[in-house]
Amino acid sequence: MEELEERENRKKCCEGFNLSSFVLLIALSTHALFEGIALGLTKDLAPSLNIILALCIHKTAASMSLGISISKNFTEDDIRKGLTLLLTFALATPIGIALGLLLADTNEMIEIVFSSFAAGTFIYIAASEVIVEEFSIPGRKKWLQMVMFLMGATLITSMWFLEG
């Protein structure tokens with residue numbers, strides 16, 4: 001009997017948290033955490049500015065993606081749950097920066113590993129969540145979407161050349 005009550009309590013706890021929004025939150029927050037760590041680990045001004053610029057450019061898109069997912073999957077009655085998801089995402093980068101600052105003077109390999117995780121999670125989220133959903137919506141001009149996608153990818157890639 002206690003087992004049944006415990007199972008019902010767990011259901012109530014997670015009830016209303018739409019799975020697609022929650023999975024997107026986990027993916028985006030993991031990426032934000034690692035990119036915060038990468039920013040906190042950088043020692044020089046030029047690489048720090050490069051990461052901050054990249055953060056400003058794509059954090060907006062990630063926030064809009066999560067916001068749209070939440071608005072699609074939550075009703076007005078669930079606004080607190082949606083705000084909890086947004087707050088979790090908003091805190092991920094500052095927590096990552098704090099962790100990066102704590103790890104800053106440890107080992108250069110740590111910076112390489114966390115920068116790689118940040119890049120890898122970005123590519124994974126883009127390939128498995130955002131791009132797939134955007135290109136699967138019927139009635140849009142696919143060629144225009146592709147051109148805009150390539151322009152964005154080119155802009156982000158060109159920032160690599162700003163450092164040198």
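At what angle do the axes of helix α2 and helix α3 cross? Bear in mind that this is a predicted model, then select residues 19-41 for α2 and residues 45-73 for α3. Their axes cross at roughly 170 degrees and come within 10 Å. Angles over 145 degrees count as roughly antiparallel, so that is how α2 runs relative to α3.

Now show side chains where the two helices meet. On the α2 side, the contact includes Ser20, Ser21, Leu24, Leu25 and Leu28, and continues through residues such as His31, Ala32 and Leu39. On the α3 side, look for Ile51, Ile52, Leu55, His58, Ala62, Leu66, Ser69 and Ile70, among others.

Is serine 69 buried or exposed? Serine 69 sits in α3 and has a relative accessible area of 10%, so it counts as buried. Leaving out residues up to four places away in sequence, serine 69 touches Ser20, Ser21 and Leu24.

Serine 71 is also in α3, but this one is exposed, at 55% relative accessible area. Zoom in on its side chain: a polar atom there lies 2.9 Å from the backbone oxygen of isoleucine 68. Then draw a C-alpha to C-alpha distance from serine 71 to glycine 82; the two are eleven residues apart in sequence and 8.0 Å apart in space.

The largest nonpolar core has 13 residues, and the ones to select are Leu25, Leu28, Leu66, Ile70, Leu85 and Phe89, which touch the most other members. Helices α2, α3 and α4 (79-103) each supply at least two residues to this core, with α2 giving the most, at five. Centre on leucine 28: beyond its neighbours up to four places away in sequence, it touches Ala62, Leu66, Phe89 and Ile125.

There is another core apart from the largest one. It has five residues, including Ile37, Leu41, Phe114 and Ala118.

Last stop: select residues 142-158, helix α6, and find glutamine 145 in it. How accessible is glutamine 145? Its relative accessibility is 14%, so glutamine 145 counts as buried. Show its surroundings and, setting aside neighbours within four places in sequence, you'll find Glu134, Phe135 and Arg140 in contact with glutamine 145.

Definitions and conventions:
Residues are numbered from 1 along each chain as its sequence is written. This is a predicted model: local features need pLDDT of at least 70, side-chain atom pairs count only at pLDDT 80 or more; totals for chains, interfaces and linings use all residues. Side-chain values use heavy atoms; hydrogens and water are left out. Axes are lines fitted to C-alpha atoms, for helices over the stretch in contact, and angles run from 0 to 180 degrees between N-to-C directions. Helices (H or I, at least four residues) and strands (E, at least two) are DSSP runs, numbered from the N terminus. Angles under 35 degrees count as roughly parallel, over 145 as roughly antiparallel, 65 to 115 as roughly perpendicular and the rest as oblique. Contact means heavy atoms within 4.5 Å. Buried means under 20% relative accessible area, exposed over 50%, partly exposed in between (1.4 Å probe, protein chains only). A polar contact is a pair of N or O atoms within 3.5 Å; within protein, one must be able to donate a hydrogen and the other to accept it, and residues adjacent in sequence count only if both atoms are side-chain atoms. A nonpolar core is a set of buried Ala, Val, Leu, Ile, Met, Phe, Trp, Tyr and Cys residues joined through side-chain atoms within 4.5 Å.
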